[in-house]
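Open the structure in your viewer and keep the selection tool at hand. This tour goes from one stop to the next.

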Amino acid sequence: MPAKPLERFAGRAEIAHAVQRVARQISAERADGTVLVAVLKGSLLFVADLVRCLDIDVEIDFLALSRFAPDSGRVRLLKDLEHEVADKDVVLVEGIVDTGLSLNYLMGEMFRRSAASVSVATLLDRRARRILPIKPDYVAFEAPDEFFLGYGLDWSGRYRNLQDLFICDPKSLTLEPDAFVPLLY
């Protein structure tokens, strides 16, 4: 059975416009500067474009989380920050926010480290899956309850480098992992 076709959710121009809008909001609200903490790996392209659009003083750091352990609801840090966030305004940068569980953990971790403030910027806000009442402060796109590929978002480590954002059926990729490789070239 061939893979179902990808549906383009946002093209390069739409993404660029959304990133610029988010950067203007952050710059207006954080004129004294901020620390961007990018959550790897899904936010990588978003944070790279975002930081180039900011017109404020900015520091960048990165962290990575494990997936939720089965039946535990727990994650762990795989890569920790290299710099202190104590007394600094932090913007967590996510590729996608859905249940809010990981984000809740990360926000708590920033406050445990004495961050002056913590806000959230996300490429995609998928509220349909929200479990915790967390609302990102800066949202590039409201997202339907679908699976996304491209612009940093992946399937099994693949397709992050697609320049557009696509909606796809993950079952199709399970059956045919290379289905969309021609889009990469």
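Predicted model: local features only at pLDDT ≥ 70, side-chain atom pairs only at ≥ 80, totals over all residues.

Residues are numbered from 1 along each chain as its sequence is written, and side-chain values use heavy atoms, with hydrogens and water left out.

**Stop 1: the largest pocket**

Rolling a probe the size of a water molecule over the atoms shows where empty space is left. On a 1 Å grid over the protein atoms alone, a pocket is an open set of points where a 1.4 Å probe fits, with protein on both sides within 12 Å along at least five of seven lines. Lining residues have an atom within 4 Å of a point.

Select Gly42, Arg67, Glu94, Ile96 and Asp154: of the 32 residues that line the largest pocket, these lie nearest its centre. The pocket's volume is about 1000 Å³, taken as the space filled by probe spheres set on the grid points, which are joined across faces, edges and corners.

Which strand gives the most to this lining? Select strand 5, which gives 4 residues. Strands here are DSSP runs of E with at least two residues, and helices are runs of H or I with at least four, numbered from the N terminus.

Now colour the lining by type: 15 residues are nonpolar, 8 polar and 9 charged. Asp, Glu, Lys and Arg count as charged; Ala, Val, Leu, Ile, Met, Phe, Trp, Tyr, Cys and Pro as nonpolar; the others, Gly among them, as polar.

**Stop 2: salt bridges**

A salt bridge is a side-chain nitrogen of Lys or Arg within 4 Å of a carboxyl oxygen of Asp or Glu. The count comes to 15.

Select Glu59 and Lys88, whose closest N and O atoms are 3.3 Å apart in a salt bridge. Glu59 is in strand 3 and Lys88 in the loop between strand 4 and strand 5, 29 residues apart.

Next, select Asp125 and Arg130, which form a salt bridge at 2.3 Å, N to O. Are they buried (under 20% relative accessible area, 1.4 Å probe, protein chains only) or exposed (over 50%), with partly exposed in between? Asp125 is buried at 3%, and Arg130 is buried at 18%.

Return to Asp154, which forms a salt bridge with Arg160 at 3.3 Å, N to O. Asp154 is buried at 18%, whereas Arg160 is partly exposed at 23%.

Last, select Asp80, Glu109, Arg112 and Arg113, which salt bridges with shared partners join into one network.
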